[in-house]
Structures are given as structure tokens and as C-alpha cells.
Amino acid sequence: MSGHDESMSGDAAAVGRRIQQLRTARGLTQRELAAPRYTGAYVSSVEAGRRMPSTDALAHFAERLGTGRQELLTGRALDHDVRIDLELALAAAGTDPGAAEAAYLRLSAETSLAGDAIREAQCHLGLGQLALQRGEPARAVREFDEAARLSAGAPAHLRVDAVIGHAECLRRQGDPRYGAYLLRQALAELTEAGLPDPHALLALHAHLALCHRDLDDDAEAANAATAALALAGPRDAGAIADLHLTVCRTLLARGDTRAAEAALLQARQARRQAALAVQLAGCRLIRGQHRRTSGDLAAALRDLADAHASFVAAGRTVLVSDSAVELAEVYRALGRREDARLLLTDLSPNAQSGARPPAAERVLAALATDDGELPAAERHLRDAADSYRRTGPRRHLAAVILSLADNLEAQGRAAEAVVLLQQGLADVEQLSGS
């Protein structure tokens with residue numbers, strides 16, 4: 001944008017009034033404000049609203065008046081935007097969803113009145129994330145669509161969050177394919193625009209990995225997960241974000257606006273990564289699964305142990321179970337059977353059924369078989385089969401029935417194995433889905 005265009009973004013009469021008010025408050029005459037580059041008559045015509053000062057003149061007046069061009073053009077103090085950004089960051093970091101929603105709604109109204117579309121879009125992004133947390137995908141879609149509308153004219157890397165929000169809604173509503181398409185489009189746009197913002201790329205790849213996982217596309221999920229992890233920084237990003245926010249508040253209180261802006265930018269970047277903690281752990285889980293099936297057990301162990309620890313810290317029960325099973329498989333393959341057994345027996349039982357996850361029972365059965373404990377293996381397999389009969393999927397029930405039949409035959413109970421297979425076939429056919 002040219003200097004002339006920038007200066008014309010304000011209203012001449014309003015700009016003139018602001019310059020006059022600030023000049024009077026500082027005890028300057030029109031000639032003193034003008035010197036040495038302009039004349040008193042020029043200042044008079046500006047203050048009367050007859051002329052819009054050029055960019056150079058605005059810079060001169062701002063320096064003489066001890067303010068910024070933005071305040072002269074818009075009436076907003078130099079630290080106004082930083083304060084708004086700080087409030088947005090604090091709302092995102094808060095633990096009270098009600099307070100966060102109230103803050104976003106208030107800031108949305110304020111930024112709308114100020115014509116600040118980008119910050120208004122950030123308010124709608126925050127409201128969309130809150131809606132997702134409450135399990136309200138339809139409302140979340142509306143908020144993300146509004147954020148996309150408000151940021152339509154912004155550079156590509158500033159529009160990524162709205163795309164991610166929309167893709168996450170699609171994934172949760174059972175359409176990960178279209179979600180992945182939107183994410184790939186956004187990645188391509190960043191490349192074409194020459195805006196490879198690392199935080200935008202990190203978020204896009206992390207969510208793309210989850211979409212491909214839901215599509216059972218293990219290779220693409222692993223590729224996206226690897227790309228996300230390559231971009232990820234320190235794992236204590238949340239604590240780092242809090243420190244940056246503290247620095248920002250301190251600098252802002254001291255009047256060091258520029259330094260506060262820099263600290264706030266760092267806080268927002270760290271907070272954005274902290275918000276992806278579970279997704280990044282999911283990426284480690286995906287990559288760990290891929291590395292395990294590829295035979296790279298040492299690398300799989302690192303990924304899966306990290307993922308499991310992150311899920312435990314986040315209290316994500318289902319993901320804790322999934323990662324424990326995968327990690328136990330690696331322990332078993334490495335000959336660490338006792339570590340695998342302890343990991344699985346420590347899993348919390350399902351609140352409704354009171355049983356361990358069936359996948360955990362299958363691994364425990366394999367461990368018992370390794371140790372020659374066939375009756376114990378049988379018990380684990382029967383528990384797994386009971387769970388799969390209730391919930392499926394069919395292929396897992398079929399696999400467990402076959403393993404159980406092999407177990408019975410190994411115990412010399414071939415007739416029972418035949419009956420089991422006959423009944424098992426009927427049970428599998430009654431289940432829906434794959």
C-alpha cells in the first residue's frame with residue numbers, strides 16, 4: 001500500500017480534530033508543530049479538515065506530538081491493539097469457558113465497532129473452539145465461517161485457523177475426507193503465496209494427520225504426522241506462553257509498547273502450539289504405529305512413550321488406552337513382556353462395562369501365550385470377544401474368535417474349538433460394520 005493510500009484511510013475532519021486536540025494539550029502553536037518542514041498555514045488547513053496530511057506529514061506530526069500515526073488516523077492509542085491482543089491471548093489461556101466466551105463476545109463487539117476485521121475474526125475463532133469443546137459442531141461451523149468471512153482479504157497464513165476449524169468440524173461430523181481436502185488446499189495456498197509460516201504449517205499438518213488416520217490411510221497419516229513433528233518446538237509450550245504473557249503485561253505497564261508487542265507475538269505462537277498438544281501427541285501415536293509396523297522398534301518406542309505420557313497428562317482416557325496398547329506391542333516385540341503386562345493391567349476399566357479395552361485383552365492374551373500360560377490367555381481372549389460382540393468391529397471379533405479356537409485346540413479341546421467357531425461365525429454375521 002502506498003503512503004498516500006494509507007493516509008487517506010482516515011477521515012480528514014476527524015484527523016484534523018485529533019491533531020488540534022493533541023497539539024493544544026501539549027501547549028504547541030501551529031507554527032511550532034509545523035516547524036521545520038511545514039508551515040503554520042498548512043497545519044491550520046489540516047486541523048480545519050480541509051486537507052488530509054500526507055504520510056510524511058503524519059509521521060512528522062506524530063513525532064512532534066509524541067504519538068503514533070495510527071492514533072492520528074484512527075483515534076486509537078498506540079497500545080490499543082496490543083491490549084486487545086493481550087485480552088484475546090488471556091481468553092485463550094483461561095480455564096473458565098464461560099469467562100472466555102464473555103470476553104470473546106465483548107471483544108467481538110469492540111473490534112467490530114472499530115472496523116478491525118482481523119481481530120474480530122480471532123474472536124469468532126475463539127468462540128468456535130469453545131463450541132467444539134462443548135460438542136456443538138453446528139455452532140462451531142457458523143463461528144468459523146464468520147471468521148473466514150472477516151479474514152477473507154488477509155494474507156493466507158492469517159486465514160489458516162478458520163480453515164482448520166472448519167476441517168475439524170467436518171472430521172468430527174464424520175467427513176474427514178473433505179476436511180483433508182480443505183487442509184491440503186490451505187497448504188498449497190501458503191506455498192503459492194510464499195508464506196510458509198511455521199505455526200500455520202504445524203497446525204495444518206497436525207490436523208491433516210488426524211484426518212488421514214480417520215480415513216485409515218496410514219501412510220499419508222504418518223507423512224503428515226512426521227511433517228508436524230518436524231515443525232514442533234518445545235513440549236512445555238503452554239508454560240512458555242504464560243511466561244511471555246507475563247512479560248507482555250509488565251512491558252505494557254511500563255509503556256514499552258513495541259517490546260510488549262514482540263512478547264505477545266511469542267506468547268501467541270507458543271499458545272497456539274500448546275493448544276495442539278493432544279493433536280501432536282496423536283501425531284506421535286500415528287507415527288509410532290507406522291514405525292512399529294515398519295520394524296523400527298526403537299523409534300516407535302520413543303514416539304509411543306511420548307504420546308502415552310501426553311495423553312495421560314491431558315486426561316484423555318480413550319487415547320491413553322490406544323497408546324498403551326500400541327506401546328505394549330512394542331514392549332512385547334522387544335522382549336520386555338513384564339513392562340507390557342504392567343502397562344495394560346494398570347489401565348482403568350471402562351466406566352460402563354467395568355472391563356479393560358478389548359485391544360488390551362488381546363495383547364495380554366498374546367503375552368500369556370508367549371509364557372505358555374494358555375488358560376490365562378483363554379480368559380483374556382474370552383473377555384476381548386465379549387467386548388467385541390457388544391461393540392464390534394466384526395474383523396476384530398473374527399480375529400479373536402480364531403485366536404481363541406487356536407488356544408482351545410492347543411489345550412487339547414478341539415471339539416470346543418469347533419463349536420466356538422460355529423457360534424463365532426453367527427456372532428460375527430450379526431454385527432454391522434467392518
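This is a predicted model: local features need pLDDT of at least 70, side-chain atom pairs count only at pLDDT 80 or more; totals for chains, interfaces and linings use all residues.
**View 1. Ser44 in helix H4.** At 27% relative accessibility, Ser44 counts as partly exposed, because that class lies between buried (under 20% relative accessible area) and exposed (over 50%), computed with a 1.4 Å probe on protein chains only. Ser44 sits in helix H4. Helices here are DSSP runs of H or I with at least four residues, numbered from the N terminus. Leaving aside neighbours within four places in sequence, Ser44 is in contact with Gln30 and Arg50. Contact means heavy atoms within 4.5 Å. The C-alpha atoms of Ser44 and Val325 are separated by 77 Å. Along the chain, these two residues are 281 apart.

View 2. Residues are numbered from 1 along each chain as its sequence is written, and side-chain values use heavy atoms, with hydrogens and water left out. The chain averages a pLDDT of 88. That score is the predictor's confidence in each residue, from 0 to 100. At least 70 is reached by 94% of the residues. Over residues 1-10, pLDDT stays under 50. The model has 17 contacts beyond four places in sequence for residues 1-10.

**View 3. The cis bond at Pro36.** Ala35 and Pro36 are joined by a cis peptide bond. Its omega is about 0°. Pro36 lies in the loop between helix H3 (30-34) and helix H4 (40-47).

View 4. Helix H5 covers residues 55-65. Its buried residues are Thr55, Ala57, Leu58, His60, Phe61, Ala62 and Leu65. An α-helix has 3.6 residues a turn, so residues three or four places apart point the same way. Gly66 follows H5 and has a positive phi, near 70°.

**View 5. Thr111 in helix H8.** Thr111 belongs to helix H8 (residues 97-113). Thr111 counts as buried, at 3% relative accessibility. Beyond four places in sequence, Thr111 is in contact with Ile84, Asp116, Arg119, Glu120 and Cys123. The C-alpha atoms of Thr111 and Ala426 are separated by 62 Å. These two residues are 315 apart along the chain.

**View 6. Helices H9 and H10.** Helix H9 (residues 117-133) packs with helix H10 (residues 137-150) at an angle of about 165°. Their axes are 8 Å apart. Axes are lines fitted to C-alpha atoms, for helices over the stretch in contact, and angles run from 0 to 180 degrees between N-to-C directions. H9 and H10 are therefore roughly antiparallel, a label for angles over 145 degrees. The contact takes in Ala117, Glu120, Ala121, His124, Leu125, Leu127, Gly128, Gln129, Ala131 and Leu132 of H9. From H10 come Arg139, Ala140, Glu143, Phe144, Glu146, Ala147 and Leu150. The residues of this H9 and H10 contact divide into ten nonpolar, three polar and four charged. Here Ala, Val, Leu, Ile, Met, Phe, Trp, Tyr, Cys and Pro count as nonpolar, Asp, Glu, Lys and Arg as charged, and the others, Gly among them, as polar.

View 7. His212 is in helix H13 (residues 198-214). It is buried, with a relative accessible area of 6%. Not counting residues up to four places away in sequence, His212 touches Arg184, Asp217, Glu220 and Ala221. Asp216 is in the loop between H13 and helix H14 (218-231). Asp216 is not a glycine, yet has a positive phi of about 60°. At 60% relative accessibility, Asp216 counts as exposed.

**View 8. Helices H17 and H18.** The axes of helix H17 (residues 277-294) and helix H18 (residues 297-314) come within 8 Å. They cross at roughly 150°. That makes H17 roughly antiparallel to H18. The H17 and H18 contact includes Leu285 and Arg287 of H17 and Leu304 and Phe311 of H18. By class, this contact of H17 with H18 has ten nonpolar, four polar and six charged residues.

View 9. Glu361 is in helix H21 (residues 358-370). Glu361 is buried, with a relative accessible area of 4%. Leaving aside neighbours within four places in sequence, Glu361 is in contact with Arg356, His380, Asp383 and Ala384. The peptide bond from Gly392 to Pro393 is cis, with omega near 0°. Pro393 lies in the loop between helix H22 (374-391) and helix H23 (394-410).

Terms used:
Helices (H or I, at least four residues) and strands (E, at least two) are DSSP runs, numbered from the N terminus. Angles under 35 degrees count as roughly parallel, over 145 as roughly antiparallel, 65 to 115 as roughly perpendicular and the rest as oblique.
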